[in-house]
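This briefing looks at a helix, a strand residue and a pocket in turn. Please keep the structure open alongside the text while reading.

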Amino acid sequence: MTKLCILNVVGLTPKLLPHAPNLSALGNHRPWRSPVPAVTCTSQATMLTGISPRDHGVVGNGWLYRDTQEVRFWQQSRTLVQGDVVYDRYQTAKMFWWFNQTTTAELGATPKPHYGCDGSKEFDVLDWTGCQLTDRLGPFPFFAFWGPAAGIASSQWIADATAMVMRDKQPQLTLCYLPHLDYDYQRFSHQDPARVAEVDAAAAKVIAAAEEIGAKVVVVSEYGLVPVDTPVDINRVLRRSGWLQVRNGPFGEMLLPGESHAFAVADHQLAHVYVRQSELIAEVRNTLEQTPGIAAVVDPGDIQLDHPRSGELIALAEPNAWFTYYYWLSDDRAPDFARTVDIHRKPGYDPCELFMTSKLRAAARLAQKKAGMRYKMDVIPLDSNLVRGSHGVLPADDEDGPLILGPGDLPEDMQGFPAYVESMLGNPG
């Protein structure tokens, strides 16, 4: 039985590949075209289904759920992907790829904290590999997966876990997600080759396991990151125009999506703009088109995003710009979650979670936790100018975009990936 391992090395580009000797040695590579937005959830859904966002419905890392009028990011249910996925057809180990709950993958692991009724949280992973990963490897380093301490430790753990599952279970198809380049390449404008060398060393562990079980290895990336220096406060523009509504309260101002005439769900360099009344669409578009940092405001169908989950308009940032989710006009009215790592409550993506206001403050909050006191880890800055890298729109140069590396005739578009996988594993149907 032919076996295949797909390594998803987030942020790897043709320009960076020479700094990854273990990955480079695996075969030929080529740039390949991502969907728009070029973000994790949309890219992965496109790769695994072979259809566009207008069909699979994953229009970003998050969107407005119109039935409940809630903005929700980073949901993990496989049922959100509307379409067949290529791994349905094979014995698969799905290691930390997204949409990894209610999945058909026979084996897998994904991050999943425990939440107490008192607001407490304990970090853990869901593990249905049968390999007792945390018993053998120790706890998953959640603080290295996202937040101010995000770094190589999380990718190393995922690589070790993937290698263990491959050796123990020998799946026909293995999907391994290594997010390391996503961190410093958003923190700094300079893309340090040392970060590539670090993730390349982690990948080498998976490559060695693949060789032992006779699996071919394919490398993919979802997008390339580009330097940015211009945050665009799109929701503040809409609020000043009188369209965005908030509720003031004891925990700061809270966005009211259902009461807003127009508001934006910011996702890196793309924003879905939801407009309640059709007669307002032209005025909202005109206002945003005049906003510095916004390159274009388009209809969803223009970029294959015409799905009910999408906004009425799509705002695209200039190459050096990105969208904040900020909707408050004064930082003293920012919601309490704004200064914490809280990816599920924020109505938009927040790369400032990669930074910290004060290590001393963080230490004090940890002391409160250890003492059993109520606390909040409010150490995230509200300074969007700290962010120095982003992604989401297609790069001007293919050398700065995503790539695919492997044997045979490589697809030029992510939509061609399922057929490429089947060409190596065979079509079980």
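Which are the buried residues of α2? In this predicted model, the buried residues of α2 are T40, C41, T42, S43, Q44, A45, T46, M47, L48 and T49.

**Helix α2 and its surroundings**
- Helix α2 spans residues 40-49 and is mostly covered, with ten of its ten residues counted as buried.
- The cover over the buried residues of α2 includes the strands β1 (3-9), β10 and β11 (215-220), together with the helices α3 (53-56) and α11 (417-425).
- After α2 comes G50, a residue whose phi is positive, near 80 degrees.

- T174 is buried, because its relative accessible area is 2%, and the cut-off for buried is under 20%.
- When neighbours within four places in sequence are set aside, T174 is in contact with L4, C5, I6, A93, T162 and M166.

**The second largest pocket**
- Of the 13 residues that line the second largest pocket, E70, V71, L255, R345 and P347 lie nearest its centre.
- The elements giving two or more residues to this lining are β4 (70-73) and β15 (254-255), and β4 supplies the largest share, three residues.
- Sorted by class, the lining of this pocket comprises eight nonpolar, two polar and three charged residues.

Note on methods. Residues numbered from 1 in each chain as written. Predicted model: local features only at pLDDT ≥ 70, side-chain atom pairs only at ≥ 80, totals over all residues. Heavy atoms only, no water. 1 Å grid on protein atoms, 1.4 Å probe; cavity = no way out; pocket = protein on both sides within 12 Å on 5 of 7 lines; lining within 4 Å. Helix = DSSP H or I, 4+ residues; strand = E, 2+ residues; numbered from the N terminus. Nonpolar A, V, L, I, M, F, W, Y, C, P; charged D, E, K, R; others polar. Buried < 20%, exposed > 50% of the residue type's maximum accessible area, 1.4 Å probe, protein only. Contact = heavy atoms within 4.5 Å.
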